[in-house]
Amino acid sequence: MQELDIVLAEQVRCAQLMLEALDREHQALVGGSPDDVANTSNAKAELVESLDALEVRRRALAASGGEEQPESAEWQRLRELVADCQRRNQRNGALVKART
């Protein structure tokens, strides 16, 4: 497996973890547990940092290898996961906004 493939697989794994964190955050928001909300917010922040670092690495690898954006099934999976993360984050943000 090439390094670019490894980075992409790690991005998918982190995006899946982000979805889980967003779901836990939603449950904490609905359940009214401030401690759980804080814990999930910390987990989300760590995952965002990881995803950002992986994206920088993926772009550097693609650029150094002269590769275009990947068109693999894994790339499509990542794009779908990121879109789902955005939707869930907006849902959670709407809950927070409604309560303030």
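This is a predicted model: local features need pLDDT of at least 70, side-chain atom pairs count only at pLDDT 80 or more; totals for chains, interfaces and linings use all residues.

Q: Why are α1 and α2 called roughly antiparallel?
A: Their axes cross at roughly 160 degrees and come within 9 Å. Angles over 145 degrees count as roughly antiparallel, and α1 is therefore roughly antiparallel to α2. The crossing in which α1 passes α2 is left-handed.

Q: Why is the term for α1 and α3 roughly parallel?
A: The axes of α1 and α3 lie 9 Å apart, and the helices pack at an angle of about 20 degrees. The limit for roughly parallel is under 35 degrees, so α1 and α3 meet that description. The crossing of α1 and α3 is left-handed.

Q: Which residues of α3 are buried, and what covers them?
A: The buried residues of α3 are W75, L78, L81, D84, C85 and N92. Their cover includes α1 and α2.

Q: Why is D84 called buried?
A: The relative accessible area of D84 is 19%. Buried means under 20%, so D84 qualifies.

Q: What makes the pair K44 and E25 a salt bridge?
A: The side chains of K44 and E25 meet with an N to O distance of 3.0 Å. The criterion is a Lys or Arg side-chain nitrogen within 4 Å of an Asp or Glu carboxyl oxygen, so the pair K44 and E25 counts as a salt bridge. The pair links distant parts of the chain, with K44 in helix α2 (residues 34–64) and E25 in helix α1 (residues 3–31), 19 residues apart.

Q: Are K44 and E25 buried or exposed?
A: K44 has a relative accessible area of 15%, and E25 has 6%. The cut-off for buried is under 20%, so K44 is buried and E25 is buried.

Q: How do you know that R59 is exposed, and what is its salt-bridge partner?
A: R59 has a relative accessible area of 54%. Exposed means over 50%, so R59 is exposed. Its partner is E55, with an N to O distance of 2.7 Å. R59 and E55 are four residues apart in helix α2, which separates them by about one helical turn. An α-helix has 3.6 residues a turn, so residues three or four places apart point the same way.

Q: What makes D84 and R88 a salt bridge, and which network do they belong to?
A: The closest N and O atoms of D84 and R88 are 3.0 Å apart, against a criterion of within 4 Å. Salt bridges that share partners join D23, D84, R87, R88 and R91 into one network. D84 and R88 are four residues apart in helix α3 (residues 73–99), or about one helical turn.

Q: How many salt bridges does a search of the whole structure find?
A: The search finds nine salt bridges.

Terms used: Residues are numbered from 1 along each chain as its sequence is written. Side-chain values use heavy atoms; hydrogens and water are left out. Helices (H or I, at least four residues) and strands (E, at least two) are DSSP runs, numbered from the N terminus. Buried means under 20% relative accessible area, exposed over 50%, partly exposed in between (1.4 Å probe, protein chains only). Contact means heavy atoms within 4.5 Å. Axes are lines fitted to C-alpha atoms, for helices over the stretch in contact, and angles run from 0 to 180 degrees between N-to-C directions. Angles under 35 degrees count as roughly parallel, over 145 as roughly antiparallel, 65 to 115 as roughly perpendicular and the rest as oblique. A crossing is left-handed if the near helix is turned anticlockwise from the far one by less than a right angle, and right-handed if clockwise.
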